[in-house]
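This report is written for a reader who is meeting the structure for the first time. Please keep the sequence and the model in view while reading.

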Amino acid sequence: MDLGIKGRRALVCASSKGLGRGCAEALAEAGVDLVLNARGADALQQTADAIREAHGVNVTAVAADITSAEGRAEVLDAAGEIDILVTNAGGPPPGLWSDWGHDDFIKALEANMLTPIALMSATLPKMIDRGWGRVVNITSQSVKAPIPQLGLSNAARTGLTGYVAGTARQVAAKGVNINNLLPGSHDTDRIVALETAVSKAQNVSMEEARKIRWSGIPAGRYGTVKEFGAMCAFLCSQHAGFIVGQNILLDGGQTNATI
Ligand code: NAP
């Protein structure tokens, strides 16, 4: 399917690895020029080179912390006018409700709620002026059903979801579509840490820990970054103009809910 976005320009945040990279690859495959971002310059440069070579699109790499005001300013400055924004950043650490104080919440809200909001505030006006834009926020399945040990993430991402629900409806008539993608368990570096935690807690091998995690997913496996990227590219496509303020769950059926 021709996604109808060849020649468009996208900023994909936190995209040297994992889900962000999957989104960048799929957009590049559709002919979109990219601005990529991550903190680590080496991995970011390698990803930028690989995507440029594979897809022949223009790729600019900006090494910066997207959750800091200075980092965001640097990234937005290099990005210039963009048609597509994919927001992403690392998630907050796990713990118990009693572990977290005011500063922990501020940090999580800054990273996973206020950063994507700041990026939208900075880029929506030009999208509206041009009468076309797409925003995809990478959030989490924890928005649909809470993951108890991820209280910081549950709180920050739900706040972002509320903001998107209203804002998406304010800009939809201007040709700008904002939606969220909710990953369940995907095969990225982050999964290794989660499997290590299961392996230690239950005193089982890493292979057994993986099987334990898979047993809770009706699809019987993790999602791939390619599948995730394909859905992101579709939400950024010409065909997604009637999808407004939605939360698309990609979790292999793990969230046990009728709708
Ligand atoms: P990942 O494989 O660890 O990749 C994270 C990417 O983000 C890397 O490129 C990393 O590069 C970059 N990054 C992290 N913090 C950043 C920052 N402050 N500024 C700029 N770049 C930053 O992680 P992932 O699995 O793709 O997860 C992406 C997001 O989805 C996270 O918020 C995660 O909590 C959420 N999520 C993931 C899953 C899953 O199954 N994978 C499930 C639910 C939710 P640098 O470290 O070099 O900056």
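The model is a predicted one. Its largest nonpolar core is made of 31 residues, and Ile5, Val12, Leu27, Leu34, Leu36 and Ile84 are those with the most contacts inside it. At least two residues of this core come from each of β1 (9–12), α1 (18–29), β2 (33–38), α2 (41–55), β4 (84–87), β5 (133–138) and α8 (225–235). With 6 residues, α1 gives the most to this core.

Neighbours within four places in sequence aside, Leu27 is in contact with Ile5, Ala10, Val12, Val32, Leu34, Ile84, Val86, Ala233 and Cys236. Another core, of 29 residues, lies apart from the largest one; among its members are Ile117, Met127, Leu160 and Val176.

**A cavity and a pocket**

How many cavities of 30 Å³ or more are there? The count comes to 1. The volume of the largest cavity is about 80 Å³. It is lined by Thr87, Asn88, Ala89, Ala111, Asn112, Thr115, Pro116, Leu119, Ile138, Arg157 and Leu160. Both α4 (102–130) and α5 (151–171) supply at least two residues of this lining. Of the elements, α4 gives the most to the lining of the largest cavity, with 5 residues. By class, that lining has 6 nonpolar, 4 polar and 1 charged residues.

The second largest pocket has a volume of about 260 Å³. It is lined by 15 residues, of which Glu25, Ala26, Glu29, Lys226 and Ala230 are the closest to its centre. Two helices, α1 and α8, each supply at least two residues of the lining of this pocket. The residues of this lining divide into 7 nonpolar, 4 polar and 4 charged.

**Cysteines**

The number of disulfides in the model is 0. Cys13 has a relative accessibility of 0%, so it counts as buried.

Cys232 is in no disulfide either. For Cys232 the nearest cysteine sulfur is again that of Cys23, at 3.4 Å, while a disulfide would need the sulfur atoms to be within 2.5 Å. Cys232 is buried, with a relative accessible area of 0%.

| Residue | Loop | Relative accessible area |
|---|---|---|
| Ser140 | between β5 and α5 | 10% |
| Asn203 | between α6 (189–202) and α7 (206–215) | 70% |
| Tyr222 | between α7 and α8 | 4% |

Is Ser140 buried or exposed? Ser140 is buried, because its relative accessible area of 10% is under the limit of 20%. Residues up to four places away in sequence not counted, Ser140 touches Arg157, Leu181, Leu182 and Pro183. One of these, Arg157, is also part of the lining of the largest cavity. Between Ser140 and Thr188 there are 48 residues of separation along the chain, and their C-alpha atoms are separated by 14 Å.

Tyr222 is buried as well, with a value of 4%. Which residues does Tyr222 touch, not counting those up to four places away in sequence? They are Ser185, His186, Asp187, Ile191, Glu195, Arg210, Arg213, Trp214 and Ile217.

Asn203, by contrast, is exposed, because its relative accessible area of 70% is over the limit of 50%. Its backbone also deserves a remark. Most residues other than glycine have a negative phi. Asn203 is not a glycine, yet its phi is positive, at about 55°. Ala14, in the loop between β1 and α1, also has a positive phi, near 50°, and is likewise a residue other than glycine.

Definitions and conventions:
Residues are numbered from 1 along each chain as its sequence is written. This is a predicted model: local features need pLDDT of at least 70, side-chain atom pairs count only at pLDDT 80 or more; totals for chains, interfaces and linings use all residues. Side-chain values use heavy atoms; hydrogens and water are left out. A nonpolar core is a set of buried Ala, Val, Leu, Ile, Met, Phe, Trp, Tyr and Cys residues joined through side-chain atoms within 4.5 Å. Buried means under 20% relative accessible area, exposed over 50%, partly exposed in between (1.4 Å probe, protein chains only). Contact means heavy atoms within 4.5 Å. On a 1 Å grid over the protein atoms alone, a cavity is a set of points where a 1.4 Å probe fits but cannot get out, and a pocket is an open set with protein on both sides within 12 Å along at least five of seven lines; lining residues have an atom within 4 Å of a point. Grid points are joined across faces, edges and corners, and a volume is the space filled by probe spheres set on the points. Ala, Val, Leu, Ile, Met, Phe, Trp, Tyr, Cys and Pro count as nonpolar, Asp, Glu, Lys and Arg as charged, and the others, Gly among them, as polar.
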